[in-house]
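This report describes the fold of the protein shown below.

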Amino acid sequence: MASSADRPAIDLDDPNVSAEVAKKRRLMELAKRRDGTGSRRGNSPAPGNHVVKKWVVLDLGNRPSRATYDPWSAGDDHRISFTGLGPDGAGSRDLTLRQIKAVAGGDWVRMPPCDWHCVTGWSTLGLCFRGVPFSAVVDALSKDDDGKENDPAFAPRPGWRRIYQRSADGYDTTVQRRDVHDGFLAVVHGESGEMLREEHGGPRLVFPSLYGWKSAKFLKEVVFLATDDDAPGARRGFWEKLGCHPRGRWAEEQRWAPGTSAVVWNALAGMTDLYRVVGGVWVWERVMVHGGRVLGAIASTWETVRGWWRVRGGRVGVKAE
């Protein structure tokens, strides 16, 4: 058996070694902040993020008309569409908030406080919501209006791999099945008893282990998909098409997909953070809000042009879902 003197020494000044040590320390800290159920207490930003006091409002700047999307007036009669149901995935069903609430016992449940981590570099800590776990939403799909009888024709397709969220403002995003375990439908914000305000998009799915872009505001439809992110023709979301990571776990710093897009987006994130350093949080927040809307508009226009070009050139991709 070799003595300790014969073993090679570890160079702690080696960049690769120090990076691994830092990573292990971050994971240890994350483990310390987990309670017995595996949920996180709201007390720290995501790695690389800084804390802001309020929940920053970010969207595409194209909020849907109240004439076409108004859960605030509809209340419990507000409907969310679900597709990709049944044995062959061809089924669909609309659920009202009342039907979803019935499965949870007739009232919205207080969810564990969670932190909101934005991919652009900020975190809001300890947000409180009331709603129902995502698992309860899935259960509600196969039950009748009284929340009793099960109908497999309306259960999610067998072996579904992802969910695709589509919003009334044109936004969309996907979440992998393995990442929905801590997800919930957030309907009420805080202790006010009022539905999430328009600036925060009304009822929406929230996934505490993922960056905030994976939670679609103005949620209109949820599709259960049979394909993985990397499958040919697989459906992708708005920011995923533009270089964001397909999975988006904040603890793993999965901000951008590997490759050139990661370099570009990291550079843009660094540039916007300069506004916070030089001008303070007030200036930075306004740059983020208005700059994000401009970037979203540019991205939307680019996607429209790409779609037109594919059609014109006869290169229309076939969706696998």
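## An open sheet and its surroundings

Strands E4, E7, E10 and E11, in that order, make up an open sheet of four strands with antiparallel pairing. Its edges are E4 (109-110) and E11 (204-206), each of which pairs on one side only. Strands here are DSSP runs of E of at least two residues, helices are runs of H or I of at least four, and both are numbered from the N terminus; two strands pair if DSSP finds at least two bridges between them. The model is predicted, so that local features need pLDDT of at least 70 and side-chain atom pairs count only at pLDDT 80 or more, whereas totals for chains, interfaces and linings use all residues. Residues are numbered from 1 along each chain as its sequence is written, and side-chain values use heavy atoms, with hydrogens and water left out.

E4 and strand E7 (residues 129-133) run antiparallel and are joined by two bridges. Arginine 110 has arginine 130 in E7 as its bridge partner. Helix H4 (residues 134-141) packs on this sheet and touches E7, E10 (184-189) and E11. The direction of H4 makes about 50° with that of E7, where axes are lines fitted to C-alpha atoms (for helices over the stretch in contact) and angles run from 0 to 180 degrees between N-to-C directions.

## The hairpin of E5 and E6

Strand E5 (residues 114-117) pairs with strand E6 (residues 122-127) in the antiparallel sense over three bridges. Tryptophan 116 stands opposite threonine 124 in E6. Four residues lie between the strands of this hairpin, and glycine 121 takes a positive phi near 120°. The side-chain directions in E5 are as follows.

| Direction from E5 | Residues | Burial |
|---|---|---|
| One way | Cys114, Trp116 | buried |
| The other way | Asp115, His117 | buried |

Buried means under 20% relative accessible area, exposed over 50%, and partly exposed in between (1.4 Å probe, protein chains only).

## Serine 167 and the whole chain

Serine 167 is found in strand E8 (residues 162-167). Why does serine 167 count as buried? Serine 167 is buried because its relative accessible area is 3%. Beyond residues up to four places away in sequence, serine 167 touches Ala216, Lys217, Phe218, Leu219 and Lys220, a contact being heavy atoms within 4.5 Å.

The protein chain has six helices and 12 strands. Of its 321 residues, 43% are buried.
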